[in-house]
Amino acid sequence: MRTFYLLLLLGLLLWQPVYAQNGLLSGKITDEQTGQALPGASLRLEGTTNGTATDLNGEYRLSLPVGSYQLLITFIGFTDKKEAIEIQAGQTTVLNLSLVSEAFELNGIVVTGQLEGQVKALNQQRSAINIKNIVAADQIGRFPDPNAAEALQRVPGVNIERDQGEGRYVLVRGLAPQFTNVSVNGEQIPSPEADVRFVALDAVPADQLASMEVTKALTPDMDGDAIGGSVNLITRTAQSKDPSLSASLVGGYNNLMRRPNIQGALQYGQRFGQGEKFGVMLNSSYYHNELGSDNWEREPFDNELELRDYELVRTRLGLSTTLDYRFDANNEVYVRALYARFSDREWRRRYIFIPEDEEIERATKDRYESQSILSLNVGGRHSLPKVSIDYEFSYSYAEQDTPYDYEGSFIAGIPSTLDFGDGADYPVLTAPGYLDNSEYEFNELELGQTLAKDENITARINIGLPYQLGNASGLFKFGGKVRFKTKSFEIINDKYENRGGVPNLDFFQGGLLDDRFLDNRFTLAPNLDVQALTGYLNANPAQFELQIEDKAIDQALESYEAEENVYAAYLMTQLQFNKLTLLGGIRYESTEVNYKSNDVVIAPNGDLQAIIPREGGTTYDFFLPQLHLKYALNDLTNLRFAATFSYARPNFADIVPAQEANLEDREASVGNPELKPVGALNLDFLGEKYFGNVGVLSGGVFYKRLNDFIFPRVIRNSQYPLVGPPVVSNVDVTQIQNGESADLFGFELAYQQNLSFLPGFLSGFGVYVNYTYTSSTADIQSRSQDNATETIDLPGQAEHVGNFSLSYDSKNFSARVALNFNGKYLQEVGGAPEEDIFVKSRLQLDASASYTIIPKLRVFAEFLNLTNQPFETFQGSENILIQREFYSWWSRLGLKFDL
């Protein structure tokens with residue numbers, strides 16, 4: 001805290017710039033044809049180093065010495081414009097300008113609207129001081145991506161983890177999701193999940209967003225806990241006094257489940273009053289999807305096979321609003337809110353073949369889960385000739401509520417044989433009589449209920465002070481931030497076993513029966529209806545025995561409470577030397593964590609020995625220097641370099657010192673309150689060439705040096721507990737620990753362009769392609785030798801990641817095919833190298849097309865996973881497949897209109 005206040009005070013004392021009397025130039029740059037704002041437009045005073053770029057609303061502010069100037073405005077895809085201006089001391093000059101689009105002629109037909117989003121995103125990228133990728137709403141809409149995670153997979157260097165075929169978590173530049181932070185409107189949002197910090201972006205509908213930013217090199221005024229990158233989801237703002245109303249209605253079909261899905265969206269925006277000071281934007285969307293998967297999994301060390309049949313009903317509700325009031329061009333206050341709710345009803349039906357025990361287990365799970373994210377931002381900005389200030393208070397809340405998670409299982413004494421071959425796509429199963437439900441006797445019923453909550457309260461302020469250093473124009477900026485987090489997890493778990501009299505499986509069978517499981521390679525019998533079993537429990541409680549010790553163990557071990565306070569302050573300056581822009585500074589962040597949890601000890605006889613409450617905490621600090629250089633070879637070509645420091649906090653579930661010791665099985669899992677955050681040095685070099693006919697060619701290299709890399713370690717034949725007097729020896733203890741260091745190197749290539757220079761109908765084609773290569777090494781404590789190290793790949797690091805898309809646009813018709821590829825990567829570090837789990841490489845083909853019936857109405861169709869690409873994992877060696885999960889293809893057909 002002391003350092004936090006010292007840095008803020010230092011910011012005030014250090015600012016002693018020398019400048020003449022200044023005035024302020026401000027205004028808005030718009031499209032003359034549509035009236036839409038042009039974000040990322042470049043403004044430069046001829047003969048000086050002074051310049052700036054417009055923000056997301058097309059607005060700009062520039063503090064200038066008194067005098068007369070020629071202002072040059074450039075925007076890719078639009079004609080340059082010059083304007084004479086006069087700056088007076090202490091006065092604000094408002095200059096609103098409109099630019100004329102260089103309309104693109106494709107096959108003899110002028111097309112502009114379909115390229116607007118692409119143009120805006122590229123201009124914002126070009127004007128940014130740091131290395132980032134920006135995807136505008138119009139560009140998002142050109143791909144068939146229903147949620148934010150799937151839309152982000154199209155960005156260079158971004159990979160995603162999927163759940164049931166849908167994108168969920170984001171991996172940036174070969175680093176796992178915990179190395180990337182996620183913000184809404186510039187402020188981090190909490191995770192609704194209990195054991196992690198990172199956010200599942202399948203909860204956020206893509207159509208709620210105005211744009212998405214992926215920042216790959218941080219600046220001092222940004223949160224420092226992002227080694228891979230920082231993802232910022234930006235909601236929409238009203239732009240014009242003319243009312244804007246748009247809506248879409250979509251129907252779809254899932255081929256695996258042979259069921260429809262529906263989607264709808266409605267958006268309204270308008271500015272009111274004299275001078276259009278008050279703006280209102282309302283946005284809503286809803287998505288109902290019935291999907292599923294066919295899956296086989298194996299446990300190679302125990303020679304077991306699972307057949308898994310999934311049925312799911314998922315919904316996404318998105319609501320967002322922005323209310324803003326612009327007193328004038330230099331003073332504004334706003335309220336922004338986003339609410340996203342994702343619900344998931346899952347039926348999982350399993351066959352578990354255990355040849356060693358001559359048993360087959362049948363289990364069905366019936367679970368309903370919802371994830372909710374609420375983000376509320378209230379703030380303002382004020383620009384004066386000598387100072388600019390922006391401030392914000394934000395509240396965000398996330399929860400994962402599972403009101404019921406029920407799973408029942410039955411067991412039959414039926415022998416089986418399994419043959420997995422040498423990396424065969426499907427196992428060979430022999431199990432006579434496994435379809436006879438009357439042979440399966442009741443084993444157990446688990447009734448679970450959980451609630452995870454995560455809340456952030458944040459306040460921040462930034463102060464900017466323009467100055468002149470000789471002929472160079474500069475901006476000195478400093479600010480501070482505090483964030484108070486509370487996170488908790490509650491669980492109720494009742495486990496029932498058979499006291500006597502519970503009927504066999506055939507009495508409770510029901511629900512969906514998949515008659516095409518894995519393309520008819522295996523036959524399934526009617527499944528357990530869990531609701532029928534729970535109804536029978538309620539009617540006949542005397543036949544069931546509640547496992548009281550198991551209930552106490554589960555609830556004590558998994559529940560926890562935690563508080564985290566973060567204090568941050570920074571100093572930075574930005575200087576413009578002709579074509580060279582320099583940004584440098586330092587950020588300080590201090591984190592205080594406190595927690596409450598429980599230890600669980602199981603006695604050597606298998607009984608519960610003790611539940612011991614625990615409390616504790618930890619603190620850590622980081623000083624994070626940042627340096628950025630941007631050299632403009634010309635208006636369309638930039639060279640960029642960045643050297644930055646950042647870090648990643650450990651997950652709460654890893655630092656909470658909860659312990660579970662099963663002394664009967666000689667196994668224990670132990671939290672690690674001494675776990676350190678991962679620190680990193682990041683180096684980036686990038687060159688980019690923009691094309692006037694809308695496009696970019698870019699390439700760059702990056703290197704990351706990670707210290708105190710985090711990984712799970714199994715300590716064989718250890719004492720328990722790990723510290724203090726031993727209670728027992730020869731126990732295998734699993735604990736998340738810090739490794740030594742890790743290195744990651746990679747390069748990115750990206751090319752996108754509308755090929756309007758080609759003759760005839762070929763001018764309608766466009767190309768979007770990017771490729772990222774990464775290589776990593778991480779040193780950890782050896783899993784086979786004491787006092788030795790071992791080298792592994794970083795989890796989540798795929799060597800090859802890329803996209804290729806070919807589009808065609810004409811006056812009324814637009815079509816696109818898109819390929820997304822990710823190479824294999826390490827998903828989970830095992831207790832030994834042969835236990836490491838890897839995700840296999842994956843190539844997905846999607847397609848979309850639209851036709852404009854009238855200027856305000858179009859029809860569109862989208863098709864996803866056309867080649868039925870499965871999700872596959874292997875353990876240790878690529879010929880030991882342990883999972884193959886298929887989803888088939890799904891489609892959507894809809895109408896969209898704008899008023």
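This is a predicted model: local features need pLDDT of at least 70, side-chain atom pairs count only at pLDDT 80 or more; totals for chains, interfaces and linings use all residues.

1. A residue is termed partly exposed when its relative accessible area falls between the limits for buried, under 20%, and exposed, over 50%. Asp 390, at 23% relative accessibility, therefore counts as partly exposed.

2. Asp 390 takes part in a salt bridge with Arg 460, in which the closest N and O atoms are 3.1 Å apart. Asp 390 belongs to strand β24 (residues 388-412) and Arg 460 to strand β27, so the pair ties together parts that are 70 residues apart in sequence. Through shared partners, salt bridges join Asp 390 and Arg 460 into one network with Glu 187, Asp 223, Asp 225, Glu 392, Lys 481, Arg 483, Arg 587, Glu 589 and Arg 649.

3. Another bridge between members of this network is formed by Asp 223 and Arg 483, with the closest N and O atoms 3.7 Å apart. The pair links distant parts of the chain, 260 residues apart: Asp 223 is in the loop between β16 (209-215) and β17 (229-235), while Arg 483 is in strand β28 (residues 472-498). Asp 223 is buried, with a relative accessible area of 11%, and Arg 483 counts as buried at 4% relative accessibility.

4. How many salt bridges does a search of the whole structure find? The search finds 61. One of them joins the side chains of Glu 166 and Arg 314, at 2.9 Å from N to O. Here too distant parts of the chain are linked, since Glu 166 lies in strand β13 (residues 166-172) and Arg 314 in strand β21 (residues 304-328), 148 residues apart. Glu 166 is buried, with a relative accessible area of 2%; Arg 314, at 1% relative accessibility, also counts as buried.

5. Aromatic pairs number 31 in the structure. In one of these, the ring centres of Phe 353 and Tyr 434 are 5.6 Å apart and the planes stand at 70 degrees, so the pair is edge-to-face. Phe 353 lies in strand β22 (residues 331-354), whereas Tyr 434 lies in the loop between β26 (428-430) and β27 (441-469); the pair therefore ties together parts that are 81 residues apart in sequence. Both Phe 353 and Tyr 434 are buried.

6. Phe 476 and Phe 478 are both buried. Elsewhere, ring pairs link Phe 410, Phe 442, Phe 507, Phe 508, Tyr 536 and Phe 544 into a cluster.

7. Aromatic rings also accompany charged side chains. Arg 298 lies over the face of Phe 420, 3.9 Å from the ring centre. In the other example, the charged end of Arg 884 sits over the ring of Tyr 426, at 5.2 Å from its centre.

8. Which residues are buried in helix α6 (residues 548-558)? They are Ile 553, Asp 554, Ala 556 and Leu 557. The cover over the buried residues of α6 includes β28, β31 (580-602), β32 and β34 (659-662).

9. Two or more residues of the patch are given by each of β32 (608-634), β33 (637-648) and β36 (678-691). The largest share, three residues, comes from β32. Leu 639 is found in strand β33 and, at 31% relative accessibility, counts as partly exposed.

10. A last point concerns Asn 822, which lies in strand β44 (residues 813-822). At 7% relative accessibility, Asn 822 counts as buried. Leaving aside residues up to four places away in sequence, Asn 822 touches Asn 159, His 800, Val 801, Lys 840, Ser 841 and Arg 842.

How values were computed
Residues are numbered from 1 along each chain as its sequence is written. Side-chain values use heavy atoms; hydrogens and water are left out. Rings of Phe, Tyr and Trp (its six-membered ring) pair if their centres lie within 6.5 Å; planes under 30 degrees apart count as stacked, over 60 as edge-to-face and the rest as tilted. Helices (H or I, at least four residues) and strands (E, at least two) are DSSP runs, numbered from the N terminus. Buried means under 20% relative accessible area, exposed over 50%, partly exposed in between (1.4 Å probe, protein chains only). A charge sits over a ring if NZ of Lys or CZ of Arg is within 6 Å of the ring centre and within 35 degrees of the ring normal. Contact means heavy atoms within 4.5 Å. A salt bridge is a side-chain nitrogen of Lys or Arg within 4 Å of a carboxyl oxygen of Asp or Glu.
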